[in-house]
Structure formats: structure tokens, C-alpha cells
Amino acid sequence: METIISSTNFSNVEAQELVDRQRRYFMTNVTKKLDFRRRQLQRLRDLIEQYEDDIMQAVFTDLHKHEFEAYAAEVSFVRKDLDKAIANLGKWAHPVNVGTPLFHFKASSYIQSEPYGSVLVIAPWNYPFQLLFAPIVGAIAAGNTVIAKPSELAPATSKICAKIINEHFEPQYLHIVEGAVAETQALLEQKFDYIFFTGSTNVGKIIYQAAARHLTPVTLELGGKSPCIIDYDTHLKYTAKRLVWGKFANAGQTCIAPDYLLVDRRIKAQLVEKIKSYITHFYGENPQDSSSYGRIINEQHLQRLASYLSGGNIVHGGHVDVKDKFIAPTVLDNVDLNSPLMQEEIFGPLLPIVEYDDLREAIDFIKQRPKPLALYMFSKDGQKIQRVLQETSAGGVTINDTLMHIANSELPFGGVGNSGIGAYHGKHSFDLFSHKKAVLHRSFLIEESIRYAPYGKVSRKWLKRLMDWTL
Ligand code: NAD
């Protein structure tokens, strides 16, 4: 059975009513109060705890996600963000004083964070709980109302998310709209104050266009091919281990999974042997029997991935079971750079290997392609690491590991160029969902007259001095 939510007949009229209700509610200023925000965040935290088993079961149903991965990357991830927001909200929301030039004397200047208003969150299916709720946490912390649309391709998670929110929050404040393209388009017809989208680069362009019609600011968390450079001078064993973990977690369906390897030719053979041995170590001789290994989200994606297998020589894995939506962890060598395997984002458990003789080639390879969401480098050579950091651009980087930069909420998470616009997590989420209002507060104590007309005759020299001194 295909796992897609059927149309919910959510119409443009209903979308408009919902957005209007949220706008009216926002106008009451209730959502701006810090106490209110804290209470809602705490409520969400309690609900996630209450529904923890159902959430874990739902992501297992949708993606065969092992309890460890489901807890670490979905539930705990959101809970940590909630804890941080609850503990730090007062500090984050406090106006930030900045300097004031003498010219304005007597005055004070500060930056005040204010919520945008009604926010739309659109999520993908690969981490269907985390990627829906993490932006919701930021939007609530910042004092917005939220309408969120989970992915129709993860229907069990979509259902539990809708239950958690729609049965416990008022729709004028926080509401989940389940559905697919039609429902999203009905929402996109409306004027939101902010749109937060996570998904593919192609759909990201559609969202950007829809937002432009209303001049709505956006965050686009997109995808693409994230490269991984493996230098000659590395710790081969740990490199292979950390690589296999990051590539094949969630069956490769991770936006920041290393998409392909750029390997120094001299260590390729050894590395491949170690990668193979860790695949077997993690998932056994038959990964289809492993409870730690995921499944492809649906048959369409499975067929897409299966068609990529002809893009290189399979040196490990390659087994496909359509009925079970299974593709074995697969390593490919001698890849055709013009094939879909190397032209499209893989987003599945296929690991192509490209060799290089000189680091220059690897850097150029990356620079000739769209800016990636993530870039990885394994090396013990600090100079080479700095060279790669200086010469390439990417949304985020982990050195000597994979995926891990996402697990530090002090770091902003987002893309650059084709991989996205804007970044979130922790305080960065609060900032992203807050307009930074500039406030200059003058006093009536002193009234200078120089700026007022009529200006009369001015000495340019004197004016220059005055401006240099006071501004
Ligand atoms: P997708 O772009 O197909 O869908 C994302 C959302 O957009 C879904 O909710 C879907 O219903 C909606 N949508 C799809 N087509 C639409 C249309 N024509 N009009 C309006 N809405 C539409 O992405 P996906 O397949 O769910 O997710 C996979 C992609 O997301 C990959 O490219 C991956 O790299 C990327 N991704 C990025 C991040 C990140 O944080 N940057 C995280 C996860 C996934």
C-alpha cells in the first residue's frame, strides 16, 4: 500500500479563515507575553512526553526507524530545543542596548525582538517529527501564531503530530493542516508574516515564488549533494566508522548525509575495505534483517534510487527489495560523473566514491557545483583543513566526523546558495522568527536647532567637522 495521505479537501476558503483567525488572535497581543510563551512551550514539552511512545511508533511505521535513532534525532532533539527556549526566553527576548552617537543626545538605542505574526511551517518526511516541531518551538518562543503542514509521505507521523497539536491547542494559535500539494498551495495563497520551509530545492523555488507575491520573508532549508573529502593523512578506522554511521543512518535519507566521497587515491582501497567491514559490523551480513537499518519512504523513491545504481560499479551491497522498500547499504566505485547518481541529490543509502590525486582537484570539484548544505573533511592536517574551509562554501561543516554540527544548537543550522536561506536551532531559531526592531528613544531635554530649515549659509569645513565628531 502506498503511504500517502489522501486529499483532505482543505480549501482556499478554509485556509483563509484559519489565517484570518490567527491574525485576529495575534492582534490581541496575548502571544507576545513571555509568560504565555513559556506556558505554551512547557505544554508542548509535556505533550511530547505524554505521546512519546506514539511518536516513536509513528516514525517506525513510516521509516522503520530504530528506537535509538527515533529518540535521539526526533524526540530528544525537540525536547532539548524546548528546554533551552524555556530556560533562556527572558534573556533572548530582552532588548539589546546599542551605542548612540552624540548627535542624538540625549537618547538611548536598542534592538527589540518582536514576533512577525502568523507563521507557516512546511515540513518534509525524512525526520518527520523533528523537522516539523523544531521550527514550531522557535516560532512559539518568538511569540508568533503557527500553522504547520507535515509531510504527506510520512502519514503515521503526520497523524500523531496533528493529534498532539489540534487536540490540545486552539486553532487560532497553533494548528496542523495535514495534506499534500493541494493543501500546501491553499495555504500558500494566503498572506503569512513568515514562511519556514524544509524540503527539496525544486519545491523551495515554488515556495519562494509564492512568498514573493505577498513579500513574505522566508527561511528555506533545502538539500543538495553534500561532499566528504578524505585526506591521505587521516585516521582511517575512525573515518570509515563515522562515515558509515552518518551515511547509512535513516537509510541515507538525511539532508546532511555525506552524499559522495572525494578520496585521496592512495588510501582508497584501504578505506573501501574498512567501510565494507563497518557496514557489516553495524548492520550484519544481511542488513534487511537488522532492526537498526531503515527503509526507503516509498516505492517511488525506491525506484529512483534503484535507477541510480547503474551510475557506477557496485563494490558492496546493491540488493533491492521493492516489496520491503529495502535497499542495502551500497558503495559504488568508478562512478560516471554525468549519471543521475552524481548529478542529483542521492538521499538514500548509496555511497559513490570519486578519487583525487591532489587536494586542489577535490576543492575545484566542490566549487564547480552548487553550494552544499554540509561539507565534511577527514584529515589530521590543520593547514589542509583551513584551506578547504577558506576556499569552499557550505551551509555547515563537520571536520573529522559526519552530521555532528547539527547536534550543537549553539551553531546556526541552514544552507547557503542552492542549499537554502536562513538558519535556526537554539537561540538562532528565536532570532529567526523575530523581527529585530530598531528603536531610538529621544528625550525632550535638549533641543538643538542646527538641523532645521532655513539652513542659511554653511561653512562646509565646519559642517564636516561637526558631522565627523557627532555621528
Ligand atoms: P519536498 O520538497 O518534496 O516536500 C517538502 C514539503 O513540501 C512537503 O510537506 C510537501 O507536501 C510540500 N510540497 C511538495 N511539493 C509541493 C508543491 N508543488 N507545492 C507546495 N508544496 C509542496 O521534499 P521531501 O521529499 O519531503 O524532502 C526531501 C528533501 O528535503 C531533500 O532534498 C532534502 O535534502 C531536503 N531536506 C532538507 C533539510 C534541511 O534541514 N535543509 C532537512 C530535511 C530534508
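**View 1. Y127 is a buried loop residue.** In this predicted model, Y127 has a relative accessible area of 10%, so Y127 counts as buried (under 20% relative accessible area; exposed is over 50%, partly exposed in between; 1.4 Å probe, protein chains only). Y127 sits in the loop between β3 (118-122) and α5. Helices (H or I, at least four residues) and strands (E, at least two) are DSSP runs, numbered from the N terminus. Leaving aside residues up to four places away in sequence, Y127 touches K65, A73, E74, N250, Q253 and T254. Contact here means heavy atoms within 4.5 Å. Between the C-alpha atoms of Y127 and V96 there are 35 Å, for 31 residues along the chain.

Residues are numbered from 1 along each chain as its sequence is written, and side-chain values use heavy atoms, with hydrogens and water left out. The model is predicted: local features need pLDDT of at least 70, side-chain atom pairs count only at pLDDT 80 or more, and totals for chains, interfaces and linings use all residues.

View 2. Helix α5 covers residues 130-141, twelve in number. From its first C-alpha to its last, α5 reaches 16 Å, close to the 16 Å expected at 1.5 Å a residue. That expected span is 1.5 Å times one less than the number of residues. Twelve of the twelve residues of α5 are buried, so the rest of the structure largely encloses this helix. Among them are Q130, F133, P135, G138 and A141. G143 follows α5 and has a positive phi, near 95 degrees.

**View 3. A142 lies in the loop between α5 and β4 (145-149).** A142 is buried, with a relative accessible area of 1%. Its contacts are R37, P115, F430, F433 and S434, not counting residues up to four places away in sequence. E183 is 41 residues from A142 along the chain, and their C-alpha atoms are separated by 26 Å.

**View 4. Helix α2 packs against α5.** The axes of α2 (residues 34-50) and α5 come within 9 Å and cross at roughly 155 degrees. Axes are lines fitted to C-alpha atoms, for helices over the stretch in contact; angles run from 0 to 180 degrees between N-to-C directions. The pair is therefore roughly antiparallel (angles over 145 degrees; under 35 is roughly parallel, 65 to 115 roughly perpendicular, the rest oblique). From α2, the contact uses R37, Q40, L41, L44 and I48; from α5, it uses F133, I136, V137, I140 and A141. By class, the contact has eight nonpolar, one polar and one charged residues. Ala, Val, Leu, Ile, Met, Phe, Trp, Tyr, Cys and Pro count as nonpolar, Asp, Glu, Lys and Arg as charged, and the others, Gly among them, as polar.

**View 5. Helices α3 and α4 are oblique to each other.** Helix α3 (residues 52-63) and helix α4 (residues 67-93) pack at an angle of about 130 degrees, and their axes are 10 Å apart. On the α3 side, E52, I55, M56 and V59 make the contact; on the α4 side, E67, A70, Y71, E74, V75 and R79 do. This contact has six nonpolar, no polar and four charged residues.

**View 6. Q190 is buried in a loop.** The loop runs between α7 (181-188) and β6 (194-198). Q190 has a relative accessible area of 10%. Not counting residues up to four places away in sequence, Q190 touches N12, A15, Q16, V19 and H214.
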